[in-house]
Protein chains: 2
Amino acid sequence: MGLLDYFRSSQPKGSANMAKERLQILVAHDRAERHRPSYLPNLQREILEVIRKYVDVDMNAVSVNYEQEETHEVLELNIVLPDTARNRA
Amino acid sequence: MGLLDYFRSSQPKGSANMAKERLQILVAHDRAERHRPSYLPNLQREILEVIRKYVDVDMNAVSVNYEQEETHEVLELNIVLPDTARNRA
């Protein structure tokens, strides 16, 4: 399954006509050493700061999901962006 | 299919014992307006800069994939990280 397919399948159905701006960021980390602390939480914070340079992000519109296994961790950020007019810099 | 499953299925088989450090970043953007230029290429550059604060990234070990459809675009960064010893800050 290609990436576009994955993201398409994870979109809410019937939302095509609403033309909502959405940004989804996934960070997956395969760790060689399981005992080191994860830097993903810090990375997440900094990535959000970078994104805010480009679009106006309401922190209430950001949902974060973090999954961790022994040597594998995935961070997911879902951001619903405000109306297009506000983004046009 | 959950996120962890997606990333697990996209891992190369038989690499478990090699304990390679890998970082995979996906950015998916649903665009309300198809005619505006994409900011994902710039975002990609800045996200890479953030990552390099945390780990020692060899730019030759970064592969980039970008897929675009009318109002949907996905950026994928795959990074093979160097041996753990070099990452330990």
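Biologist: What does A:Ala28 stand opposite in strand 1 of chain B?
Modeller: A:Ala28 stands opposite B:Gln24. Keep in mind that this is a predicted model.

Biologist: In what sense do strand 1 of chain A and strand 1 of chain B pair, and over how many bridges?
Modeller: They pair in the antiparallel sense, over nine bridges. In each chain, strand 1 covers residues 22-30.

Biologist: Back to B:Gln24. What does B:Gln24 stand opposite in strand 3 of chain B?
Modeller: That is B:Asn78. Strand 3 of chain B, residues 72-80, runs antiparallel to strand 1 of chain B, and nine bridges join the two.

Biologist: Is strand 1 of chain B buried or exposed?
Modeller: Mostly covered: nine of its nine residues are buried. B:Arg22, B:Gln24, B:Leu26, B:Ala28 and B:Asp30 point one way, while B:Leu23, B:Ile25, B:Val27 and B:His29 point the other way.

Biologist: Different topic. In what order do the six strands form the sheet?
Modeller: The order is 2(A)-3(A)-1(A)-1(B)-3(B)-2(B), an open sheet with antiparallel pairing.

Biologist: How many bridges join strand 2 of chain B to strand 3 of chain B?
Modeller: Eight, and the two strands run antiparallel. B:Val64 stands opposite B:Leu77 of strand 3 there.

Conventions. Residues numbered from 1 in each chain as written. Chains lettered and ligands numbered in written order. Predicted model: local features only at pLDDT ≥ 70, side-chain atom pairs only at ≥ 80, totals over all residues. Heavy atoms only, no water. Buried < 20%, exposed > 50% of the residue type's maximum accessible area, 1.4 Å probe, protein only. Helix = DSSP H or I, 4+ residues; strand = E, 2+ residues; numbered from the N terminus. Pairing = 2+ DSSP bridges.
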